[in-house]
Amino acid sequence: MTDLTKTPVTVITGFLGAGKTTLIRHLMQNPQGKRLAVLVNEFGTMGVDGDILKSCADENCPAENILELSNGCICCTVADDFIPTLEKLMAMPARPDHILIETSGLALPKPLLKAFDWPAIRSRITVDGVIALADAEAVAAGRFAPDEAAVEAQRATDPSLDHETPLSEVFEDQIACADIVLLSKADLAGEAGLAAARAAIEAEAPRKLPILPLTDGVIDPRVILGLGAAAEDDLDARPSHHDGADDHEHDDFDSVVIELPEIADPADLVARIQRLARERNVLRVKGHVAVAGKPMRLLVQAVGERVRHQFDRPWGDQPRLSRLVVIAEHDDIDEAAIREVLHG
């Protein structure tokens, strides 16, 4: 007998470095008896997030169930990549019970939801819910927008000024599309920061949304999975700055991949990445680095001047290649200048 039950998909969106991968790792480790699959849409050419998730694969979410789309935004490559990838997952001998989609930090979620209206998948898949992550500390400080101090000063002195920027539109569209908002890194924000972040999100949300604190990606999966939102049928309740547009562009952002020699001191690399954030307006840095004398590779994840690094696994048979993805707004990408800072 043909199974007419639709496979639920949870779309996990959020600004750069909000903690999407950390949340998915937690869900993989707490699958509630479900067989999971994960689809990662990277911005840039290196699949860092997919590599991190594959290192956590187990019988509930085997490595073959973790797929990457790294050649463009999901919603811009629907026919060529997105639909075939979903069909590949659905054709597996052990079909997943639930699919998690991690969007690029720069992605607008609503065009992705529209893709679920394609006949090839509409009868087989439903969007169970859209989960938006927001860095509580950053949102409380207004850092979802570039040049936040200048923007706030302009707002205070000239309320008629058109101060919308690409970054603020991304943030607002992600919140407007969400069924639940998770305030990540709640431990860093504190109670006052959480209250400020919650107020900022409530001001942007088109409707009342659950807004929950999150630390280290830990949350009861029952809270965010099984929502039954059927978001593909609920698009009118999810307004976007791009409603009415035939398509959308990501030309506001760009990325470069920088290769490095082995480093001697991770602290020195951290200082260089922080310098990029201050001097070159770099938004995000992520990748793996070889440290002299160390058999394990160093995983580097940076959001602005906040840099986290840890040794994640041995290089093994892989070449000890140090490569970092650097993401910024288009006009701030100067590959030669970025390379000079990182190489010293």
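Buried means under 20% relative accessible area, exposed means over 50%, and partly exposed is in between (1.4 Å probe, protein chains only). This is a predicted model, in which local features need pLDDT of at least 70 and side-chain atom pairs count only at pLDDT 80 or more, while totals for chains, interfaces and linings use all residues. Residues are numbered from 1 along each chain as its sequence is written, and side-chain values use heavy atoms, with hydrogens and water left out.

**Exercise 1. Describe the largest nonpolar core.**

Step 1: define it. A nonpolar core is a set of buried Ala, Val, Leu, Ile, Met, Phe, Trp, Tyr and Cys residues joined through side-chain atoms within 4.5 Å.

Step 2: trace the elements. Two or more residues each come from β1 (7–14), β2 (36–41), α3 (78–90), β4 (98–102), α4 (109–115) and β5 (125–135). The most come from α3, which gives five.

Step 3: look for another core. A second, separate one has 23 residues, including Ile258, Val291, Val300 and Leu324.

Step 4: return to Leu113. Beyond its neighbours within four places in sequence, Leu113 contacts Val11, Val127, Val130, Cys177, Ala231, Glu232, Leu235 and Arg238.

**Exercise 2. Find the buried side of α12.**

Step 1: list the buried residues. In α12 (residues 335–343) they are Ala337, Ile338, Val341 and Leu342.

Step 2: check the arc. These four cover only 130 degrees around the axis, which puts them on the same side of α12. The arc is taken from the directions from the helix axis to the C-beta atoms.

Step 3: recall the geometry. An α-helix has 3.6 residues a turn, so residues three or four places apart point the same way.

Step 4: turn to the opposite face. Exposed Ala336 and Glu340 lie on the face turned away from the buried side of α12.

Step 5: read the end. Just after α12, Gly344 takes a positive phi of about 80 degrees.

**Exercise 3. Compare the span of α9 with that of a straight helix.**

Step 1: get the expected span. It is 1.5 Å times one less than the number of residues.

Step 2: locate the bend. A kink of about 80 degrees is centred on Ala192. The bend at a residue is the angle between axes fitted to the seven residues ending there and the seven starting there.

Step 3: sort the residues. Ala186, Ala189, Gly193, Leu194, Ala197 and Ile201 are the buried ones in α9. Ala195, also in α9, has 44% relative accessibility and counts as partly exposed.

Notes: Contact means heavy atoms within 4.5 Å.
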